[in-house]
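Morning, everyone. Let me walk you through one structure, with charges as the theme. Here it is.

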Amino acid sequence: MSNYYDILGVSQSASSEEIKKAYRKKALENHPDRNPDDKGAEARFKEAAVAYEVLSDQKKRDIYDRYGEAGLKGASGGGRQQGFNNVNDIFSTFGDIFGGGFDDFFSGGRQQTRERGQRGANVVHSLDLTLEEIADGIEKRVHIRRLTTCDTCEGTGAKGGSKNLKQCSDCNGSGEERMVRNTPLGQMVSVSVCRRCQGQGMIIEEQCPECRGQGRLDGESSIKIKVPAGVEDGMVVNLRGQGHAGARGGRSGDLHIEIREKAHEHFIRNGSDLIYNLEISFPDAALGSEIEVPTLGGRAIVKIDPGTQSDKVLRMKGKGLGELRTSRKGDQLIRIHIWTPDTLTDTDKKLLEQLKESPTFTPKESDSKKSFFSKVKGAFG
């Protein structure tokens with residue numbers, strides 16, 4: 001296996017959050033449901049899961065950084081290089097990182113009993129949202145193309161419905177074939193899917209002419225989805241049973257709604273907070289002023305104190321975005337930029353030359369080395 005850091009596309013100094021985001025991205029890209037024609041997708045998906053399992057655990061990560069993969073094999077509680085049997089096994093372990101707070105990202109869990117029919121595939125659909133919609137959450141209606149249950153045969157695939165189904169004589173309706181072998185250690189029983197009924201337990205005597213025995217048809221559906229406040233770009237809302245209908249009565253797949261956050265005209269998002277860059281004139285900064293600024297809910301007035309410096313950050317409490325799983329709202333942070341005109345009249349120049357001679361206008365020692373985000377942090381102090 002390749003270097004775990006290379007698999008996730010991160011550096012060896014990457015933070016836990018960077019590793020988590022990188023794994024989520026790789027899992028979304030390589031999930032088999034999204035790559036039905038790519039046989040290597042599932043292998044890459046499992047490979048990323050193994051890498052994440054090690055790098056997300058600090059003890060395992062330290063061992064791996066020192067001794068590589070060989071060190072994990074000899075370490076107690078090391079990586080489970082061969083421990084993921086299938087995709088569901090991975091999501092039962094890591095499913096909470098895909099926007100927990102919704103349903104599980106994928107259906108998850110291991111199938112414990114054989115189901116009638118073939119489970120329908122999942123459907124992936126992108127949903128574009130504005131910051132205004134994300135702020136308080138919203139209900140949206142999406143239109144998707146998917147396989148739907150055939151009403152003519154009620155999803156059975158048989159003409160006339162279930163009355164034209166008969167029990168498979170090879171497996172007696174169990175859907176399984178059992179073979180008993182005598183060995184030196186005793187009898188061994190192997191169980192496999194019944195070849196005649198393909199595990200259905202029932203045989204169609206005459207196919208439904210509408211769906212040709214599949215129990216489902218191409219269609220288009222309109223589905224209402226409730227998006228909670230505070231979702232982020234790349235998160236996935238899972239709607240169970242809203243994907244493709246299963247074949248011959250099988251349960252439906254899930255609908256995965258991928259959130260796509262639209263760029264905003266005025267604001268930059270920082271978690272649940274919004275950053276707005278406000279340009280003001282030098283007179284307004286020196287003398288103080290009241291200036292109207294945009295918010296997600298309309299317009300508001302902010303007070304500029306006399307002597308305001310460039311890069312100062314003002315805070316408008318509760319004017320940001322709602323947070324997932326809480327009732328709290330973020331803030332709107334206003335970063336001040338003092339605007340300098342690029343053209344001056346002769347009168348302007350004379351006035352500025354006079355001001356230039358005044359000691360009041362001699363700059364003091366600047367704190368320009370202080371980063372913007374340090375000032376943002378200070379605004380919350």
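Start with Glu 18, which sits in helix H2, residues 16–30. Keep in mind that this is a predicted model.

Together with Glu 17, Glu 232 and Asp 233, Glu 18 makes up a patch of negative charge on the surface.

Now to Asn 30, also in helix H2. Asn 30 is buried, because its relative accessible area is 9% and the cut-off is under 20%. What does Asn 30 touch, leaving aside neighbours within four places in sequence? The contacts are Asn 35, Ala 41, Glu 42, Arg 44 and Phe 45.

Side chains of opposite charge can pair when their charged atoms come close. How many salt bridges does the whole structure hold? The search finds 16.

Here are some of them. Arg 44 pairs with Asp 38, with the closest N and O atoms 2.6 Å apart. Arg 44 is partly exposed at 35% relative accessible area. Asp 38 is partly exposed too, at 31%.

Next, Arg 178 and Glu 176. Their closest N and O atoms are 3.5 Å apart in a salt bridge. Arg 178 is exposed, because its relative accessible area of 57% is over 50%. Glu 176, at 28%, is partly exposed.

Last pair: Glu 292 and Arg 299 form a salt bridge at 3.3 Å, N to O. Glu 292 counts as partly exposed, with 45% relative accessibility.

Key
Residues numbered from 1 in each chain as written. Predicted model: local features only at pLDDT ≥ 70, side-chain atom pairs only at ≥ 80, totals over all residues. Heavy atoms only, no water. Patch = residues over 30% accessible without salt bridge, like charges linked within 9 Å, V, L, I, M, F, W, Y side chains within 5 Å. Areas by Shrake-Rupley, 256 points an atom, 1.4 Å probe, with all protein chains shown as cover. Salt bridge = Lys/Arg side-chain N within 4 Å of Asp/Glu carboxyl O. Lys, Arg positive; Asp, Glu negative; His and termini not counted. Charge placed at Lys NZ, Arg CZ, Asp CG, Glu CD. Helix = DSSP H or I, 4+ residues; strand = E, 2+ residues; numbered from the N terminus. Buried < 20%, exposed > 50% of the residue type's maximum accessible area, 1.4 Å probe, protein only. Contact = heavy atoms within 4.5 Å.
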